[in-house]
Amino acid sequence: MDRTNPAPPSRRSLIRGGLGLGAAATAGLAAGLRPAGAVQAAATPAAAVDYPSALWAPASTGNYTASSRPSAYPVNLVVIHVTQETFADTISLFQNPAHAAASHYVVRSADGAIDQCVRERDIAWHAGNWDYNTRSIGIEHEGWVDQPSYFTTALYHASAALTAEICDKYGIPKDRNHIIGHSQVPGTDHTDPGPNWDWVRYMRLVNGV
């Protein structure tokens, strides 16, 4: 891939509804996976993250574009994703340069723990649309669109607090025109976060009501 070309990378060959890889690729990555719930041994200090509650788990530099947002591009959207993978597998995929995709944050189902994978100033390749990538923050949520049990109270509350902080920081209205699902991005073939994602509950939490 020509990294000098600002067009968004193709993810179709790597996608299985969300971030999934085929069984062979997943097996090939297994040796490097971080166990679910484990603390990253070489975690960067909290000052290196944009959200104080997050743990720094950097994506490969091959999976995002370095930038200087919001001076280079305005940040006016939050895009909600569902991983179609476990939390640990998602982090591993983002650290694999062959994946050609990453989001800014990943939220774990069991306890709402948050890893930051891409700095907010940089352009994560998460939406499959270059224009939307340049002006959005992408948040992945551990789980599968057809398994609502992954959408725990801890996950909703942690994600909503993160989204609220992002909206306050960049002056993003806390509404469904600016906090959108991946399925709403023009040109996408993704369905996440899917019909089991409780948008009413989520938006109430984001707005503190």
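Buried here means under 20% relative accessible area, exposed means over 50%, and partly exposed lies in between, with a 1.4 Å probe and protein chains only. Helices (H or I, at least four residues) and strands (E, at least two) are DSSP runs, numbered from the N terminus. The model shown is predicted, so that local features need pLDDT of at least 70 and side-chain atom pairs count only at pLDDT 80 or more, while totals for chains, interfaces and linings use all residues. Residues are numbered from 1 along each chain as its sequence is written, and side-chain values use heavy atoms, with hydrogens and water left out.

**View 1. Strand E7 in its covered setting.** Strand E7 (136–141) is mostly covered, with six of its six residues buried. On one side lie Ser-136, Gly-138 and Glu-140, on the other Ile-137, Ile-139 and His-141, and all of these residues are buried, which leaves both faces of E7 covered. Three bridges join E7 to E4, and these two strands run parallel; in this pairing, His-141 of E7 has Val-107 opposite.

**View 2. Strand E3 and its two partners.** Strand E3 (77–82) is likewise described as mostly covered, six of its six residues being buried. Leu-77, Val-79 and His-81 point one way from the strand, whereas Val-78, Ile-80 and Val-82 point the other way, and all are buried. E3 is joined to E7 by six bridges, the two strands running parallel, and it also pairs with E8 in the parallel sense, over three bridges.

View 3. Six strands form an open sheet with mixed pairing, in the order E1-E5-E4-E7-E3-E8, where two strands are taken to pair if DSSP finds at least two bridges between them. The edge strands, each pairing on one side only, are E1 (55–56) and E8 (179–181). In general, strands of a sheet pair through backbone hydrogen bonds, either parallel or antiparallel.

**View 4. Helix H2 against the sheet.** Helix H2 (residues 87–94) is mostly covered, for eight of its eight residues are buried; they are Phe-87, Ala-88, Asp-89, Thr-90, Ile-91, Ser-92, Leu-93 and Phe-94. H2 packs on the sheet, where it touches E4 (105–107), E5 and E7, and its direction makes about 165° with that of E4. Contact means heavy atoms within 4.5 Å, and axes are lines fitted to C-alpha atoms, for helices over the stretch in contact, with angles running from 0 to 180 degrees between N-to-C directions.

View 5. Leaving aside neighbours within four places in sequence, Gln-95 is in contact with Ala-57, Pro-58, Ala-59, Ser-60 and Asn-63. Gln-95 and Gly-62 are 33 residues apart in sequence, and their C-alpha atoms are 8.7 Å apart in space.

**View 6. The packing of helices H4 and H5.** Helix H4 (residues 153–170) and helix H5 (residues 199–206) pack at an angle of about 50°, with their axes 8 Å apart. The two helices are therefore oblique to each other, on a scale where angles under 35 degrees count as roughly parallel, over 145 as roughly antiparallel, 65 to 115 as roughly perpendicular and the rest as oblique. The contact is made by Thr-153, Tyr-156, His-157, Ser-159, Ala-160, Thr-163 and Ala-164 of H4, together with Arg-201, Tyr-202, Leu-205 and Val-206 of H5.

**View 7. The chain as a whole.** The secondary structure of the chain comes to five helices and eight strands, and along the sequence these follow the pattern α-β-β-β-α-β-β-β-α-β-α-β-α. Of the 209 residues in the chain, 52% are buried. Among contacts in the chain with a separation of 6 or more, 75% are between residues 24 or more positions apart.
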